[in-house]
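Biologist: I would like to learn how to read this model. Where do we start?

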Amino acid sequence: CVPLNSTFSTSTICMLMKGNRVAAYLCLTAVAIEMVFITIAWITSAIDPFGPVSNPFSSESLRWMFRHSLSLVTSKWLIGLLLVAMTYGSITCSGMGATLRLLLTSKDKYSTLQFRERMAMRSLYFMTLLFVTLLSVIPFLPGSLLLNSTGNLFPSPFSEALFPLTCLWMISSSVVFGFIKGTYNNLVQVIDSLSRGISRFAPIIVLAIVSLHCIYIIKMLIK
């Protein structure tokens with residue numbers, strides 16, 4: 001993670017600009033597809049009111065779009081993307097990602113790590129063991145509330161919460177890792193790492209919002 005008082009390298013700036021450019025073209029494509037579909041739906045519904053698509057400018061369609069203007073983009077996919085972005089920022093800025101990469105590529109493994117890094121890795125092992133143990137035991141306790149009404153694991157409240165719980169575990173583990181290693185000194189740096197992850201994913205988040213709006217409008221117009 002780049003410190004606050006540092007500057008990005010030329011290669012990093014070029015990569016970010018390229019990503020922003022690609023996201024901008026994809027957003028423009030999604031908007032163009034939505035506009036073309038709305039036009040086609042308008043013409044088709046004018047020719048055949050009982051056809052396969054609704055009139056986008058009818059009172060019912062306009063009322064639906066205004067009423068659901070916010071819910072169109074507040075989907076679980078966008079929330080999941082935000083969780084992934086925060087997890088990425090926490091793992092990157094805490095130094096956990098670099099340490100794991102070093103362990104995977106180094107031949108000497110632990111001998112390349114400093115004392116605080118070894119202690120941080122032990123905390124990571126402990127939190128991983130605790131997380132796996134809880135996931136393995138809690139759903140199968142007698143009368144567990146995390147199973148569905150028929151007692152199955154999928155689909156159930158447990159399966160629906162598995163992804164956010166995994167992100168929460170990774171963020172918590174990386175925060176503890178960062179404090180032990182010395183990457184983090186206060187909670188402000190923790191919040192900064194989460195926001196940096198969202199900043200890195202910003203073009204993808206904007207593209208997701210535009211794409212979700214396009215998809216939901218098309219689904220609304222198709223009868």
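Modeller: With the surface. This is a predicted model. The accessible surface of the protein chain is about 14400 Å². Carbon and sulfur atoms hold 72% of that area.

Biologist: How many helices and strands are there in the protein chain?

Modeller: Eight helices and zero strands. The order from the N terminus is therefore α-α-α-α-α-α-α-α.

Biologist: What share of the protein chain is buried?

Modeller: Of its 223 residues, 31% count as buried. Now take the contacts with a separation of 6 or more: 67% of them join residues 24 or more positions apart.

Biologist: Is Glu34 buried or exposed?

Modeller: Glu34 sits in helix 1, residues 10-47, and is buried. Glu34 has no salt bridge. The nearest side chain of opposite charge is Lys219, 14 Å away.

Biologist: Which residues is Glu34 in contact with, beyond its neighbours within four places in sequence?

Modeller: His213, Cys214 and Ile217.

Biologist: Which residues form the nonpolar patch on the surface?

Modeller: Trp42, Ile43, Ile47, Phe57, Leu62 and Phe66. Together they have about 700 Å² of accessible area.

Biologist: Which helices each supply at least two residues of that patch?

Modeller: Helix 1 and helix 2, the latter spanning 59-67. Helix 1 gives the most, with three residues.

Biologist: Why does Ile47 count as exposed?

Modeller: The cut-off for exposed is over 50% relative accessible area. Ile47, in helix 1, counts as exposed because its relative accessibility is 68%.

Note on methods:
Residues are numbered from 1 along each chain as its sequence is written. This is a predicted model: local features need pLDDT of at least 70, side-chain atom pairs count only at pLDDT 80 or more; totals for chains, interfaces and linings use all residues. Side-chain values use heavy atoms; hydrogens and water are left out. Helices (H or I, at least four residues) and strands (E, at least two) are DSSP runs, numbered from the N terminus. Buried means under 20% relative accessible area, exposed over 50%, partly exposed in between (1.4 Å probe, protein chains only). Contact means heavy atoms within 4.5 Å. Accessible areas come from the Shrake-Rupley method with a 1.4 Å probe; for residues, only the protein chains shown count as cover. Lys and Arg count as positive and Asp and Glu as negative; His and the chain ends are not counted. A salt bridge is a side-chain nitrogen of Lys or Arg within 4 Å of a carboxyl oxygen of Asp or Glu. Patches are made of residues with over 30% relative accessible area and no salt bridge: like charges are joined within 9 Å, nonpolar side chains (Val, Leu, Ile, Met, Phe, Trp, Tyr) within 5 Å.
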